[in-house]
Amino acid sequence: MRLTQQLSEMVRACCAGIWIRSDEHDDAIQEIAQLCRAEAWKLATWDIERGLRCAGESNAESQFSAQDPLAAIRSLSALADGERPTLLVLANFHRFLGSVEVVQSIARQVQEGKNRRAFVVILSPTYQVPIELERLFVELPHPLPDRQQLEEIAAAIGTEPGEMPEGETLQRTLDAASGLTRFEAEGAFSLALVRHGRIEPSVVWRLKAQTLLKNGLLKLHRGGEAFAELGGLTALKQFCLRALRNRSAGVSAAMPKGILLLGVPGTGKSAFAKALGNEVGRPTISLDIGALMGGIVGQTEERTRRALETIDAMQPSVVYVDEFEKGLSGVAGSGQSDSGVSSRMFGTLLSWLNDRTSDTFVVLTANDISKLPPEFARAERFDAVFFLDLPGREQKDAIWRMHLAAFGLDVDQAFPADK
C-alpha cells in the first residue's frame, strides 16, 4: 500500500498525530503534496534549515518562516481553519523531542486537532516517540519503490534509443534495483549509463552490494558457486530446485518458506546456501544475527526491522542465516542479562519467518539443534529439515537422535541430505 493511500485513510479517520517512517523525505513530501492538491487540503512543511513553508500561500509563508521548532508547532493553530484538513509536516523532528516544551506543545496540538481537522505529521527515518506521545501517534511506513516505480525511474533516466533495457534484461535490472531507495536507484541507473551507455543490471548489482555492506546489516553474495561443485546432497538439491523453479515458472503452489540445515562444521551448509541463489537466478542475501545487536536502547529492534524490510523489498531472493543458534544464544537468559532485547529480536524474527508474504526462501543453518529455542519445533515452520554429516562418523545416528529429540522430531522425520 502506497503512502498516499495510507495517509488518506488516517486523515479521513481523523488521526491527528501521524508519524511517517521514511529515508526519503523529499519524495515523501512530494507524495503528500500531490495528495493534498488532489483533495484540496492545506499543507505546511517545516525543517530546521528552511523554516515553515505553506504550499500556495506566500503570505503565510513569510509570516511563519520561523526556524524555532516550538513556534512551528504553535503555528498550526493559525493555519487550521476547521473547514478542511490542514497538515503540518515536520521533517526530522525526532531530534527535538527531548524538549519538555516541544513534547507538551505537540500533545496539545494533536488532542485539539481532532476537532479542528489539524494534523501533526512527523517525518523521520526512525520511530522514536517519547512516552508522553506514544498513544497519540499512529505509525506509517514509507515503502521502498516497487518494480513499477523503479521502471518509471529507469525510463526517466534512459531516454535515448538503446539506453533503456527491454524484455528479460529489464526484468533482471528491476530485480537488481529492488530494495534500493529512489535516490539510490537513480544513482545506480545513471552510473550504468555513464559506464556502458545503457542501463545494465551488473552495475546496479555492484552498487547495491556496496550499499548493503555500508549499512552493515546485510551482505549481498554474488559469487560463482554452482551445485556441480558440491558433491552429494542430492535430495537437498532436488528439493530446493523443485520448490523454487516451480515458483519461478508460475506453477500454482504454496509459496516455499525455506529449509533448516543441521550439521557439524565442514559439511557444506554454507556452500550450499551460496550456490542455491546462482542455480535459481536469485540474489543470495546473508543476514548476520550478531550485526543486528546495538548498544543503544531500541537500536537492536530498529536494525532488525530495517533488515527485514530491506529483505522483503528485494524479493525474490534467497536469505541465508548461518549458525542461527549462536546468534540467539542469549534468548533463554534475556530479561536478566540484556533487558529482554534478545527475546524481542527473536520474537520479531519468528513472526517474520511465519507471517511474511514476500517471495523469500530462507536457508537457516545450525550446528547444535539442542541450543535452538523450542519455538522452532512448531509444525510447518520450515518446508523441510535436512541433516548433513561427515562420512564415516561413528554413532552419528545416536548423536542425531539426541539432537532431534530436543527439536521434538524423530530421526526418520527429518530429511537426510543424500536420501
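## Two helices side by side

Helix α12 passes helix α14 in a right-handed crossing. The model shown here is predicted. Helix α12 covers residues 299-313, and helix α14 covers residues 341-355. Their axes come within 9 Å and cross at roughly 15°. Angles under 35 degrees count as roughly parallel, so α12 is roughly parallel to α14.

Which residues of α12 and α14 make the contact? On α12 they are T300, E301, T304, L308, I311 and D312. On α14 they are V341, R344, M345, T348, L349 and W352. By class, this contact has six nonpolar, three polar and three charged residues.

## A perpendicular pair

Now look at helix α6, residues 147-157, and helix α7, residues 167-177. Their axes come within 10 Å. The crossing angle is roughly 110°. Angles of 65 to 115 degrees count as roughly perpendicular, and α6 and α7 are therefore roughly perpendicular to each other.

R147, L150 and E151 make the contact from α6. From α7 come L170, Q171, L174, D175 and A177. Sorted by class, the contact of α6 with α7 has four nonpolar, one polar and three charged residues.

## The nonpolar cores

In soluble globular proteins, nonpolar side chains tend to be buried together. The largest nonpolar core in this model has 45 residues. Within this core, F189, L218, L287, I289 and I311 touch the most other members. I311 also belongs to the contact of α12 with α14.

What does F189 touch, leaving out residues up to four places away in sequence? The list is L150, I153, A154, I157, T173, A177, I199 and V204. Two of these residues, L150 and A177, also take part in the contact between α6 and α7. A second, separate core has 27 residues, including W19, A80, V103 and L133.

## A closer look at A28

A28 lies in helix α2, residues 25-39. Is A28 buried or exposed? Its relative accessible area is 0%. Buried means under 20%, so A28 is buried.

Leaving aside neighbours within four places in sequence, A28 is in contact with L3, S22, L123 and H142. Take H142: A28 and H142 are 114 residues apart in sequence. In space, they are 7.1 Å apart, C-alpha to C-alpha.

## The whole chain

The protein has 419 residues, and 48% of them count as buried. It has 15 helices and 13 strands. Consider contacts between residues at least 6 apart in sequence. Of these, 76% join residues at least 24 apart.

How values were computed: Residues numbered from 1 in each chain as written. Predicted model: local features only at pLDDT ≥ 70, side-chain atom pairs only at ≥ 80, totals over all residues. Heavy atoms only, no water. Core = buried A, V, L, I, M, F, W, Y, C linked by side-chain atoms within 4.5 Å. Buried < 20%, exposed > 50% of the residue type's maximum accessible area, 1.4 Å probe, protein only. Contact = heavy atoms within 4.5 Å. Axes fitted to C-alpha atoms, helices over the stretch in contact; angles between N-to-C directions. Helix = DSSP H or I, 4+ residues; strand = E, 2+ residues; numbered from the N terminus. Parallel < 35°, antiparallel > 145°, perpendicular 65-115°, else oblique. Left-handed = near helix turned anticlockwise from the far one by under 90°. Nonpolar A, V, L, I, M, F, W, Y, C, P; charged D, E, K, R; others polar.
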